[in-house]
Amino acid sequence: MSLPNCPQCKSEFTYEDGAMYVCPECAHEWSKDAAADAGEQAKVWKDANGNVLQDGDTVTVIKDLKIKGSSSVVKVGTKVKNIRLIDGDHDIDCKIDGIGAMQLKTEFVKKV
């Protein structure tokens, strides 16, 4: 039986204690009912202004973003069409004209 990861620190070393789950790393405790409810909730991605993003949306970059391993920069105001939302550190998978495929964080974009 696999136990859910800790909702606070994402630790995989949780254990059961009666009707509760406990995380030994951050000492967070939560009920088994809350864990079942959390699994049913869908992830919601929001832009820098708090607007909800969906797959296929068009967004604009709100800050100059340096590209690691390159001397190129994604300039402020660059429009990114047809985004795809993913789980992870960088939430948006997209293709930018003149640069190519890359991933962006939702905190650096706003919905058009």
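**Figure 1. Lining of the second largest pocket.** Leu65, Lys66, Ile67, Lys68, Asp89, His90, Met102, Gln103, Leu104, Lys105 and Phe108 line the second largest pocket of this predicted model. Two elements, strand E7 (65-66) and strand E12, each give two or more residues to this lining. E12 provides the largest share, three residues. Sorted by class, the lining consists of five nonpolar, four charged and two polar residues. The space inside the second largest pocket amounts to about 230 Å³.

**Figure 2. The largest nonpolar core.** In soluble globular proteins, nonpolar side chains tend to be buried together. The largest nonpolar core of this model has 16 residues, and those with the most contacts inside it are Val80, Ile92, Cys94 and Leu104. Strand E6 (59-61), strand E11 (92-96) and strand E12 (100-104) are the elements that give two or more residues to this core. The largest share, three residues, comes from E11. Leu104 also belongs to the lining of the second largest pocket.

**Figure 3. Surroundings of Val80.** Val80 is one of the residues with the most contacts inside the largest nonpolar core. Leaving aside residues up to four places away in sequence, Val80 touches Asp57, Thr58, Val59, Val61, Cys94, Lys95, Ile96 and Leu104. Among these neighbours, Cys94 and Leu104 are likewise listed with the most contacts inside the core.

Figure 4. Strands of a sheet pair through backbone hydrogen bonds, either parallel or antiparallel. In this open sheet the three strands follow the order E10-E11-E12, and the pairing is antiparallel. Strand E10 (84-85) and E12 stand at the edges and have a single partner strand each, so one side of each lacks a neighbour in the sheet. Two bridges connect E10 with E11 in the antiparallel sense, and Arg84 has Asp93 of E11 as its bridge partner. E11 and E12 also run antiparallel and are joined by five bridges. Within E12, Ala101 stands opposite Lys95.

**Figure 5. The two faces of strand E11.** In a regular strand the side chains alternate between the two faces of the sheet. The covered face of E11 holds Ile92, Cys94 and Ile96, whereas Asp93 and Lys95 make up the uncovered face.

**Figure 6. Hairpins on either side of E11.** The hairpin of E10 and E11 has six residues between the strands, and Gly88 there takes a positive phi near 135°. In the hairpin of E11 and E12, three residues lie between the strands, and Gly98 has a positive phi near 85°.

**Figure 7. Thr60 in strand E6.** Where does Thr60 lie, and is this residue buried or exposed? Thr60 lies in strand E6. With a relative accessible area of 14%, Thr60 is buried, because a value under 20% counts as buried. Apart from residues up to four places away in sequence, Thr60 touches Gly77, Thr78, Lys79, Phe108, Val109, Lys110 and Val112. One of these, Phe108, is also part of the lining of the second largest pocket.

**Figure 8. Pro24 and Ala27 in the loop between E2 and E3.** The loop between strand E2 (20-22) and strand E3 (29-31) contains Ala27, and Pro24 is found in the loop between E2 and E3 as well. Pro24 is partly exposed, its relative accessible area being 48%. Phe13, Thr14 and Tyr15 are touched by Pro24, not counting residues up to four places away in sequence. Pro24 and Cys6 are 18 residues apart along the chain, and their C-alpha atoms are separated by 9.4 Å. Ala27 is exposed, with a relative accessible area of 59%. Ala27 has a phi near 65°, a positive value in a residue other than glycine.

Figure 9. Asn82 is found in the loop between strand E9 (79-80) and E10. The phi of Asn82 is near 55°, a positive value in a residue other than glycine. Asn82 counts as exposed at 59% relative accessibility, because the exposed class begins over 50%.

Notes: Residues are numbered from 1 along each chain as its sequence is written. This is a predicted model: local features need pLDDT of at least 70, side-chain atom pairs count only at pLDDT 80 or more; totals for chains, interfaces and linings use all residues. Side-chain values use heavy atoms; hydrogens and water are left out. A nonpolar core is a set of buried Ala, Val, Leu, Ile, Met, Phe, Trp, Tyr and Cys residues joined through side-chain atoms within 4.5 Å. Buried means under 20% relative accessible area, exposed over 50%, partly exposed in between (1.4 Å probe, protein chains only). Helices (H or I, at least four residues) and strands (E, at least two) are DSSP runs, numbered from the N terminus. Contact means heavy atoms within 4.5 Å. On a 1 Å grid over the protein atoms alone, a cavity is a set of points where a 1.4 Å probe fits but cannot get out, and a pocket is an open set with protein on both sides within 12 Å along at least five of seven lines; lining residues have an atom within 4 Å of a point. Grid points are joined across faces, edges and corners, and a volume is the space filled by probe spheres set on the points. Ala, Val, Leu, Ile, Met, Phe, Trp, Tyr, Cys and Pro count as nonpolar, Asp, Glu, Lys and Arg as charged, and the others, Gly among them, as polar. Two strands pair if DSSP finds at least two bridges between them.
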